[in-house]
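Have the sequence and the structure at hand while reading.

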Amino acid sequence: GDDGGAAGNALDVTVFVLGCRDLPAMSLHGRLSPYVRVEAGGESRQTKTMYLSRSPVFGTPGVGDKMVFRQLYKDDEMVLKVFHSVTGGGSDIYLGHTKFRIDELYNTSKPEEDPNGGPPIRIAVAWPYEIDTRPHQVLELLSGGGSVDRRIIRWDLNSYKPLSFFPRESASAASSVMGHQSAVTGLVLAENGGARRLYSSSLDGTVRIWNPYNGRSMEALQNPAEALGVSQAKMPDGSVRVFAALGDGSVVMTRIRSGKLLEAGWRLELSNMLDSPSVFAFIMLAVLLDLCAGMYDFSLSDDQKDCFGRDNPVNTYITLSVLSIFLFELLARMVVRGKDFWTPFAEVRWNYFEVVVIIVSLSIAVYKADNDFTMTDLPPEAGGGNPIYPVITAQAWPVVCANYSAGISPTDPSTWPGA
């Protein structure tokens, strides 16, 4: 994966599962149809199923089922579970698992140059691992830090060792963006939108929402006084109400839209892509290109414009492309936000306005383009009905434009002079 050498830096880890050896038979005929599920950072990926094989080969290094896990840390644990695929109904049969920490791979790898010209990468080959046939289970405990540490600790009760810290950075490196600035006073772990979320309160007056898988602070709610405790409740519309008990005797309720609790899977990747500087720059570049095309048309005199009232076809394609980009960006945000894109109306009314503007603008542009491209009652020079037609101006085609202005149709003899 990408080289995140400094402590606390997140890593992108790419996994290729090569195969398994001498798996136990699951029938009297010695048959087995295994696959491997890889779990890390609250996400899971799995290989294809290899039918009738006790020593399946899923691929070779760099070739095969590619699994990418983003934003992992060295103290994260990766678990590989082996299952037998049951056909004809029924649950797949668990065969065993193996697990290791990311730093075990990191410490046995060496930095190498990325053949694609990116930052240095590290390649580690981990083979073989023994399969533990006991059920895989981690018993966890979350505890709040005191006034010195200010962090939340996630413990493994099997080994009595800390699994991770929230935030990953030490107290000396903590900031208002990373974590609490004073002692943690309350913790609540809850299921929201199919994913676990951790809520914490602190004497610094904030209530924070965390992703318990990667220790990332997703949201910080500022209160007017010290927060002594926290609770939450999921509402029928999918939103969450967060309650903070404050030191001045009051209770503050905050509504959190379900979209803000989204932090895993393809929706997160899509959301991050939409919010990335590169997408913003691309959209601004498209807007600038459309603006330049419009200003160019506006700067032309009447005798430099198409005398049949058609727009320049290049400008038409630019406008349609830019509006299509806006439409796809809007649809992507609808997918990411789900119901929160539409409700409550008082908070998202701008979304409705944006939908109407884009649909109306695209409809007008398509209607105008259709008229321009399908005009056929024109002289041959005008290229009527062609997707790329020449722009006929009064400067270049004075006779053609004069005849059109006089109402003379090349296909209607009754309009010809002397008819």
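Two strands count as paired if DSSP finds at least two bridges between them. Strands (E, at least two residues) and helices (H or I, at least four) are DSSP runs, numbered from the N terminus. The model is predicted, so local features need pLDDT of at least 70 and side-chain atom pairs count only at pLDDT 80 or more, while totals for chains, interfaces and linings use all residues. Residues are numbered from 1 along each chain as its sequence is written, and side-chain values use heavy atoms, with hydrogens and water left out.

In β18, Met253 is the bridge partner of Phe243. Strand β17 (residues 240-246) pairs with β18 in the antiparallel sense over 6 bridges. Both belong to an open, antiparallel sheet of 3 strands in the order β16-β17-β18. Each of β16 (227-234) and β18 (251-256) stands at an edge with a single partner strand, so one side of each has no neighbour in the sheet.

The structure holds 1 disulfide (a pair of cysteine sulfur atoms within 2.5 Å). The disulfide joins Cys307 to Cys401, with 2.2 Å from S to S. Cys307 lies in the loop between α3 (277-299) and α4 (313-337) and Cys401 in helix α6 (residues 398-405), so the pair ties together parts 94 residues apart in sequence. The link of Cys307 and Cys401 is left-handed, with -75 degrees about the S-S bond.

The table lists relative accessible area: buried is under 20%, exposed over 50%, partly exposed in between (1.4 Å probe, protein chains only).

| Residue | Relative accessible area | Class |
|---|---|---|
| Cys20 | 11% | buried |
| Cys292 | 42% | partly exposed |
| Cys307 | 21% | partly exposed |
| Cys401 | 5% | buried |
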